[in-house]
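My notes follow the structure.

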Amino acid sequence: MLSLVGEGQFGKVYSAIHRQTGELVALKELNSEKFSTKKFLREIRILLSLDHENVARCLGLEHSKKSRFLVTEYCEGGTLRDFIDGKISLNIEQKLKIIIDILSGLSYVHLQGIIHRDLKPENILLTVSPTGWVAKISDFGVAKIENEDREADINSLGDTGSPAYMAPEQFYGKYSYSSDIYAVGIILYELLMGKRPFSGSPKEIMVGHLNLMPFIPDDLPVLLQDILKIALAKLPQHRFRTAKEMKLKVLKCLLRLNTIIPDRNPFFSAISNSKGDNYIYDTVDIFDDYFDFLAVNDQCVYLANNNHLLVKGYQIDDNNLTFNSCDYYSFDGTISDLKSLDIGCIIVIKNKGAISSYTIGHFVDQFTSLYSFNADDCVSAIAPNCNWIAVSIKSKLEKNFN
């Protein structure tokens with residue numbers, strides 16, 4: 001055991017090193033007076049059944065004559081509470097990505113039939129990845145399996161979560177998957193506003209959750225306003241139906257924010273809808289299921305999936321990004337590769353045993369055919385420098401161009 005890294009309602013958390021593997025882990029000590037053996041065994045059972053990148057992993061159990069410990073993965077970033085209360089600054093893009101992580105983990109947890117009931121910044125752990133912060137849900141100490149011991153919970157108000165993040169129905173001893181979505185709404189509100197919507201004494205907080213509408217400023221992006229209003233609805237049936245539904249709304253908001261990524265080549269983390277017809281946003285899952293290819297140059301962003309290509313033109317003046325064109329194409333065949341050029345992009349299309357390649361300029365009429373031939377089984381690849389294309393049809397074949 002190395003040091004104390006945190007303290008919660010039911011015990012303390014220490015960092016430690018596993019003697020056999022040398023891995024840095026977290027030891028969660030559970031106070032036997034506050035956390036019964038029944039609850040302890042339930043949390044172990046729940047944790048060992050979960051395996052998701054946005055849920056803190058349980059590695060095992062340790063005990064001594066005086067203490068019991070859950071061994072979990074160590075998250076070097078601490079908790080989301082440390083970020084909110086500390087000096088670490090997160091931009092709006094990073095905040096929304098954290099919420100997306102939480103909702104991804106929550107969607108998985110709900111599919112396992114588990115209701116967390118105590119989501120709050122203290123129970124969201126952060127670790128570092130090559131792409132930024134990754135959030136992980138932890139602390140399933142008061143979690144419930146759907147329909148388990150529900151009658152026994154009616155009068156156990158002190159065992160249903162933290163009042164500042166509790167859904168209105170939880171103050172009456174009721175809960176559902178929707179209660180967790182409400183808690184994520186409170187976390188999102190706090191990340192955006194720097195404070196929770198309701199504060200004061202426990203009674204004042206309860207009155208706020210039950211009777212008052214949270215203040216949502218008009219200068220907040222409209223999509224974010226809508227997300228908060230739905231997630232924080234007083235009645236469960238008026239909230240998002242699932243965590244995945246809320247996740248998709250946050251993803252759409254992230255795409256529309258037009259946030260310029262600092263210290264990188266000019267690019268943006270937002271794509272608006274195609275010619276106002278909401279084509280992109282009608283898909284099932286924007287990131288996971290819709291865009292197979294993305295390329296960018298100094299004038300356009302290219303997004304492709306199946307037989308569709310979206311070309312979004314943009315310009316940056318005085319560090320302000322604006323969109324100046326949007327073109328949408330459909331092809332007879334499937335787009336199998338996409339790369340950007342200084343003057344446009346290259347696409348490779350497969351269609352019923354045929355393979356074709358085109359360059360597409362910045363404007364609609366600038367199509368140039370590079371090659372087209374029939375082949376029952378073929379693959380192709382565009383060189384990283386876009387100076388040549390390799391095509392294989394039982395034997396290797398190359399076609400060069402400048």
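**Surface and overall make-up**

I started with the surface: the protein chain exposes about 20800 Å², and carbon and sulfur atoms supply 51% of it. Those areas are Shrake-Rupley values with a 1.4 Å probe, and for residues only the protein chains shown count as cover. I have to keep in mind that this is a predicted model, where local features need pLDDT of at least 70, side-chain atom pairs count only at pLDDT 80 or more, and totals for chains, interfaces and linings use all residues. Residues are numbered from 1 along each chain as its sequence is written, and side-chain values use heavy atoms, with hydrogens and water left out.

I found 8 helices and 20 strands in the protein chain (DSSP runs numbered from the N terminus: H or I of at least four residues for helices, E of at least two for strands). Of its 402 residues, 50% count as buried (buried is under 20% relative accessible area, exposed over 50%, partly exposed in between, with a 1.4 Å probe and protein chains only).

**Cores**

Of its 56 residues, I99, I102, F140 and M246 touch the most other members. The top contributor to this core is α4, with 10 residues. I then checked F140, which touches E43, I46, L47, L50, V55, V109, I114 and H116, leaving aside residues up to four places away in sequence (a contact is heavy atoms within 4.5 Å). Another core, of 14 residues, lies apart from the largest one and has A295, V311, Y329 and I360 among its members.

Most residues other than glycine have a negative phi. R117 goes against that with a positive phi of about 75 degrees. I located R117 in the loop between β6 (114–115) and β7. Is R117 buried or exposed? R117 is buried, at 3% relative accessible area. D139 also has a positive phi, of about 60 degrees, and is found in the loop between β8 and β9 (144–145). D139 is partly exposed, at 24%.

**A cavity**

R117 turned up again among the residues that line the second largest cavity, including D118, Y165, M166 and D180. A cavity here is a set of points on a 1 Å grid over the protein atoms alone where a 1.4 Å probe fits but cannot get out, and lining residues have an atom within 4 Å of a point. I noted about 40 Å³ of space in it.

How values were computed:
On a 1 Å grid over the protein atoms alone, a cavity is a set of points where a 1.4 Å probe fits but cannot get out, and a pocket is an open set with protein on both sides within 12 Å along at least five of seven lines; lining residues have an atom within 4 Å of a point. Grid points are joined across faces, edges and corners, and a volume is the space filled by probe spheres set on the points. A nonpolar core is a set of buried Ala, Val, Leu, Ile, Met, Phe, Trp, Tyr and Cys residues joined through side-chain atoms within 4.5 Å.
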